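Subject: Structure handover

Hello,

Here is the structure we spoke about, for your files. My notes on what was found follow below it.

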Amino acid sequence: MGKYILKRVLQFIPVFFGVTLILFLLQNVVPGDPIKMIAGDKVLDPAVELQMRVSYDLVQVDENGDPILDENGDPVPVPLPERYVNYIVDLFHGDLGRSYQRKLPVTDIFADKFPYTARLAVCAIILEAIMGIGAGIISAIKRYSFWDILVTLVTSIMVSLPAFWLGMLLQLFFGVYLHVLPLSGAGGGVASAYPEWMYYILPAFTLASVSMAYSARIMRSQLLDVMNQDYIRTARAKGLSNRSVIVHHALKNALIPVVTYIGVDFGSMLSGAILTETVFNWPGIGYEIYRAITQRDWPIVMGGVTIIIVVVMVINLLVDISYGFLDPRIRFGAPKDKS
Amino acid sequence: MQEPSSTQRGGMAAKAETKAKVSGAKSRTLWGDAFKRLRKNKLAVIAVVWIIFVILVAVTADLWAQQWLGSPTASDTTQLATTSLLPPSPEHPFGTDLNGRDILVRVIYGARVSLTVGVVATSISTVIGLVMGALAAFYGGIWDTIIMRLADVFLAFPYVLFVVAMIAALGNGLMNVFIAIGILGWPSIARVFRSAILTVKENDYVDAARAMGASDFRIIVRHIFPNSVASIVVYATMNIGSAILTESSLSFLGLGVTPPTPTWGSMIQAGQSYLQTAPWMMIMPGLAILTTVLAFTLLGDGLRDALDVKMKDA
């Protein structure tokens, strides 16, 4: 087991550096000078501009913190590889730069937003697990029945519609027409007309919708697959009831891929949050990124994306490792090359 | 986006039946057989009809849509009191928006953006994917390791977020939307093509071709590609749908294609503020996205069954 974990962690390292390198290059190599972008349309005073370049670590400085000038009197830019190293070091220190507009460190801005996103994602995962697995089991057991066709139809529609649009339809139906659930926000205020938990229902369902459909499909095909195995026939042959065969023999094996999918999916929940939170004015990371997009505050956008991606990668690593615990075949089995 | 491993459903029995019928007839090409099977799949036929309809409407819009429904972008500000936020009526089948513009004509012109993004982005992904997959499978060794690791890196990204980051870095514009969505789609195609090559490569006819002195390029293009084109077509079809979805997410967030060019995503975004008073503003473009993406998904499903392609995790 230790060897397996070590292997996974070692595989994680190049992926981590690859991902951060791409994010870094996106921020630094693409056209558009960050300092000019801060200034917007205004023309900056050269001295101010130089000072800003120093404060964003874009030019080389001597030990006093003054910029080093070359023979023409121009500042010497920090070479790209060195900036990447600085970026990684800063990343490990929890520094993702500062917001253009609010002059605050990006990490501070996100620190109090993250719990909202995490709580919403946890609710969505629970919904996804219950409804996705449930629907998948029903449609597999009652194959070709009305329920099976219904599940197939609904999952096809759910993966084909934009989740943010589904969210707005839910708002329209439950909030505007029926008045049974709050339209948006996270509640908790003095004036809120609904108990706080009700604010979670619509956003969590919206966030879970696509993954719910996929996990129902995976559950169905896995269960159908397992039901054809020899050991299921053996279980039936020794006289077990249909129920007992499904619960004790089939489900145990069919669940593993679904559980992994749902685990990995926690990551895509965090990234899907940008759309869901925008629809529901949810005060989390996603909505903050959306606000930053509208204000062209790129450090917040890039910083938020970086935070989510790094969290997602760590979660995927943990899921991979726990998968090894769940299923010995993975631990001892063939190399990862599944394609 | 992940595709569940095998989503074979109700069609199994029907498929076996059609196969038996087909094999009784005289021999035909793979595509002829596939077409026959596809025609028996009602959902796929409806999907094809819908896709053709949407394409025709989008392409010919300049000839009739503006005369009938007015301009999709400009608005007559003097008349706003009587034209703004009208509910659907015979005159404006989908209603009007805040600026008094007809929603139907905007949905029609929005189809142009969505279809172009779907097709162009998918073409970019497919070309990159084919080249990468061929390099990885055919040359193996270090090439394989580097390319497949790179594919892992790309797949590790949460898709929408990365597209958001790319547009944030590259700036708005249709071209950048093509690039951002196109660049991200290659790993699944590359994996499919790579594994297809690895299976086909072992066949005797590849050895035979090599013995006759065929170059690597010729072997890939003439012998391997035709044998894996079926799975690539299936993946590309489904990819068009997801590219359209991604573009709508981008324009919903206000990234990518900028106003006043109508896009389905930005129309939904505009409708958000009028959810209570003018819900048709967001419902109509959403229906356009749903039906179009669903059509590409169903067509992909139908092609998969008709061409008998085994879907793997990608």
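**A helix pair in chain B**

In chain B, the axes of helix H12 (residues 264–272) and helix H13 (residues 280–307) come within 7 Å and cross at roughly 155°. Please bear in mind that this is a predicted model. Angles over 145 degrees count as roughly antiparallel, and H12(B) and H13(B) are therefore roughly antiparallel to each other. The crossing of H12(B) past H13(B) is left-handed.

Which residues meet in this pair? From H12(B) they are B:Trp264, B:Met267, B:Ile268, B:Ala270, B:Gly271 and B:Gln272. Their counterparts in H13(B) are B:Met281, B:Met282, B:Pro285, B:Gly286, B:Ala288 and B:Ile289. By class, this contact has nine nonpolar and three polar residues, with no charged residues.

**Chain A against chain B**

The contact between the chains takes 48 residues from chain A and 49 residues from chain B. On the chain A side, the elements that give two or more residues are helices H1 (2–28), H7 (146–160), H8 (163–177), H9 (198–227), H11 (242–280), H12 (285–294) and H13 (298–326). H13(A) gives the largest share of that side, nine residues. Sorted by class, the side of chain A that touches chain B has 30 nonpolar, 16 polar and two charged residues.

**Chain A as a whole**

Chain A has 14 helices and zero strands. Of its 339 residues, 35% are buried. Among contacts in chain A with a separation of 6 or more, 66% are between residues 24 or more positions apart.

Regards

Terms used:
Residues numbered from 1 in each chain as written. Chains lettered and ligands numbered in written order. Predicted model: local features only at pLDDT ≥ 70, side-chain atom pairs only at ≥ 80, totals over all residues. Contact = placed C-beta atoms within 7 Å. Helix = DSSP H or I, 4+ residues; strand = E, 2+ residues; numbered from the N terminus. Nonpolar A, V, L, I, M, F, W, Y, C, P; charged D, E, K, R; others polar. Axes fitted to C-alpha atoms, helices over the stretch in contact; angles between N-to-C directions. Parallel < 35°, antiparallel > 145°, perpendicular 65-115°, else oblique. Left-handed = near helix turned anticlockwise from the far one by under 90°. Buried ≥ 20, exposed ≤ 12 C-beta atoms within 10 Å, placed from the backbone.
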